[in-house]
Amino acid sequence: MKFNFWQINDKSLYDTGYVVFIAGPYPIFNNIVIDKMREMCKGGFSDIDPKILESFASEFAVSKYGDVTNNSLTFDEFMKVSNIPPVTGKWFCNVDYSFLSKKQKDTLNRYFKKPSEYGVLIVTLPEWKDYREFLKNRAITQHKNTHIIQLSFPSRKALKELVVDFFRVRGVRISEQAAELFIMRMSNAYEDYQDTIDNICNSMGNAGELSYSDMVEKLRGIEN
């Protein structure tokens with residue numbers, strides 16, 4: 001299935017995605033999808049003996065450098081164990097398409113047509129030359145468990161919701177009007193959003209709310 005930017009928090013993207021292609025050059029948005037998917041795959045290892053985990057990892061050729069407690073694997077490791085149910089959660093792999101070899105790309109092309117329910121494979125496509133064909137691939141756009149989300153062109157409404165949320169997770173409430181001002185001033189300097197928000201929140205002391213007039217003052221001198 002194909003998703004657009006405004007669907008970045010769409011529940012069905014995360015609930016049904018066994019393979020998710022992320023088309024877009026902005027890590028700030030790509031990471032929202034990646035982090036949510038990774039968190040969903042973790043499962044619970046707190047009650048499992050570490051020795052059992054190590055034995056399990058060894059048995060299925062999981063690299064000692066892999067994060068076993070997060071089910072996080074390299075591309076080749078993922079392909080080896082993706083059809084085997086993990087101890088808990090789901091297998092997880094996040095790769096940049098441009099870093100895959102030709103052999104790995106061929107493997108990917110076969111896999112996304114019949115993905116395993118036991119794993120989640122995230123493939124980031126930051127380059128237009130890479131993702132333009134995937135956006136038109138009916139084996140992806142019409143598949144119930146292989147998705148592609150286009151994050152190259154942020155929608156105003158969804159971007160405003162994300163900015164409000166970026167402040168919220170830092171313990172600061174802002175109005176929609178203040179979020180709109182932030183977006184207008186920052187424009188498409190998306191990779192500066194997090195640092196700018198950090199600077200604003202750090203300058204507020206214990207204040208937990210930021211008004212429109214406060215935002216005007218905090219963004220003084222910023223015009224992109």
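## A strand enclosed on both faces

Strand S4 (residues 119-125) is largely enclosed by the rest of the structure, because 7 of its 7 residues are buried. Here, buried means under 20% relative accessible area, exposed means over 50%, and partly exposed lies in between (1.4 Å probe, protein chains only). Helices (H or I, at least four residues) and strands (E, at least two) are DSSP runs, numbered from the N terminus. Gly119, Leu121, Val123 and Leu125 are buried on one side of S4, and Val120, Ile122 and Thr124 are buried on the other, so that both faces are covered.

The model is a predicted one: local features need pLDDT of at least 70, side-chain atom pairs count only at pLDDT 80 or more, and totals for chains, interfaces and linings use all residues. Residues are numbered from 1 along each chain as its sequence is written, and side-chain values use heavy atoms, with hydrogens and water left out.

## Neighbours of S4

Two strands pair if DSSP finds at least two bridges between them. S4 pairs in the parallel sense with strand S2 (residues 19-23) over 5 bridges; alanine 23 has leucine 125 of S4 as its bridge partner. S4 also runs parallel to strand S3 (residues 91-96), to which 6 bridges join it. Valine 95 stands opposite valine 123 in S4.

S3, helix H5 (residues 102-111) and S4 form a right-handed β-α-β unit. A crossover is right-handed if, with the strands pointing away from the viewer, the path from the first strand over the helix to the second runs clockwise.

## The nonpolar core

In soluble globular proteins, nonpolar side chains tend to be buried together. A nonpolar core is a set of buried Ala, Val, Leu, Ile, Met, Phe, Trp, Tyr and Cys residues joined through side-chain atoms within 4.5 Å. The largest such core has 42 residues, and Phe167, Ile174, Phe182, Tyr193 and Met215 have the most contacts inside it. Among the elements that give two or more residues to this core are S2, S4 and helix H9 (176-186). The largest share, 7 residues, comes from H2.

## Two loop residues

Leucine 73 is found in the loop between helix H3 (50-59) and helix H4 (75-81). At 8% relative accessibility, leucine 73 counts as buried. Its C-alpha atom is separated by 9.8 Å from that of valine 95, 22 residues apart along the chain.

Serine 187 is found in the loop between H9 and H10 and is partly exposed, with a relative accessible area of 28%. Most residues other than glycine have a negative phi. The phi of serine 187, however, is positive, near 55 degrees.
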